[in-house]
Amino acid sequence: MSSYLSLLMFPVLMLFIFSGFPIAFSMILVATGFGIIQFGDVAAYQLLTKIEDTASNSILAAVPLFIFMGAMLERSGIAERLFEAIHMWTRRLPGGLGVGAIIMGTLFAASSGVVGATEAVIGMLAIPVMLKHHYNNSLISGTICASGSLGTAIPPSITVVVLGPVAGVSVGSLFSGLLIPGFLMAAMFLIYIIGVAYLKPAMAPRVEESEPEVSFQEKMRVTMIALLPTMLLIFTVLGTILMGLATPTEAAACGALGSVLLALAYRNLTRDVLWHAAIKTMNISAMILLIVMGGSMFAGVFFASGGMATVQSMLMDTGLSPWMILGLILFIAFVAGFVLDLISVVLIIIPVAIPIVRMLGFDEIWFCVAFLVVLQTSYLTPPLAPAIFYLRAITPPEITLKHMYWGVVPFIIAQLVVLALVLAFPSLALWLPDVMSGPSW
């Protein structure tokens, strides 16, 4: 009976969340309540153990460091320099401003991993310029939402840093497994924008020729100053992890230091910049780590009470094929992404899903990559798309909710195509982890 009782944890949790209670405290309260009902006083020891496990997890120490790096890139003006450098090379292309925004999103995602910050920075930089050149409002909305969402699928992603320890999978392997699907997704976004600009020039007019053309020497100079240091920072973080030279935490620490040194080199390192970056890091890190702790407590009580075995037996008794069960798990994750933040979806679904995936004989890394693509797709999908809520906070009144809803549809289709390719060709997610040498962190 206790194993079936544990299944009630999910509807009770949803009840707390939909009533407006914070997600972290919802998971802690549900775990505490059901733990006491089923285990009595022993539950207190189990829950306290989960607090210690979260606090002592060395991989999770990378979370505040990655957040600080993203905050420094945002506050110190490095992002503005990067956008200007990219804009100089892309502005004469069909849809050049949109192309620049996607490239900016790709580079920013590869250097910070903070999804909301990426979208906010790109939106504030690109939207005024795109409006000035009369870009279609729906195309603007979709481009900014899509570029910001790349922080989920292109490493180093905060979501991956949390997912790895929860799933018992190497974070380094997940980073390398995400590279090809992530860049494939960015490439599909670029192809769509260039195609629309070529076929329907009114939606993405070219930059007016009256604007002065920048010389090649000047382009190279600005690129050397703005783009190369950022690429070096990306290599410091991502390259060292993929080559096995540093753990994610060590690489994140190098990245955080590198962002400070970049701000110093650009003469933008002030006490105000450091203070705001530190405050933002503290606020976001506290929120994420509290959610991680609550999710660990929730999963611990669910497993200890036999909930996992019950779910497995129920799925096996349905007579569904392994692929149908996998599809059901991914669909649940897609729906959950409408109403929960990405970290919460990971902490609620992955502890239940990974044992089932292993039992069905699927590769864990491949599943986690597909899971993250699904999460990114739900991040863009109306009506409750978090990407659209971020966008609404930074757009002028002439860009309406209708523009945003229609604008993200082509990019959602592109993400679904990438998901289908990952599911049909597992080597897209598994080839790079197999060939990468060095230890798996």
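1. F298 counts as buried, at 1% relative accessibility; buried means under 20% relative accessible area, exposed over 50%, and partly exposed in between, with a 1.4 Å probe and protein chains only. This is a predicted model, in which local features need pLDDT of at least 70, side-chain atom pairs count only at pLDDT 80 or more, and totals for chains, interfaces and linings use all residues. Residues are numbered from 1 along each chain as its sequence is written, and side-chain values use heavy atoms, with hydrogens and water left out.

2. On aromatic pairs, the rule takes rings of Phe, Tyr and Trp (its six-membered ring) with centres within 6.5 Å; planes under 30 degrees apart count as stacked, over 60 as edge-to-face and the rest as tilted.

3. Helices are DSSP runs (H or I, at least four residues), numbered from the N terminus. F10 is partly exposed, its relative accessible area being 23%. Ring pairs also bring F302 into a cluster with F10 and F298.

4. W323 and W366 form an edge-to-face pair, because their ring centres are 5.6 Å apart and their planes stand at 75°. The pair ties helix 16 (residues 322–339), which holds W323, to helix 18 (residues 364–380), which holds W366; the two parts are 43 residues apart in sequence.

5. W323 is partly exposed, with a relative accessible area of 48%.
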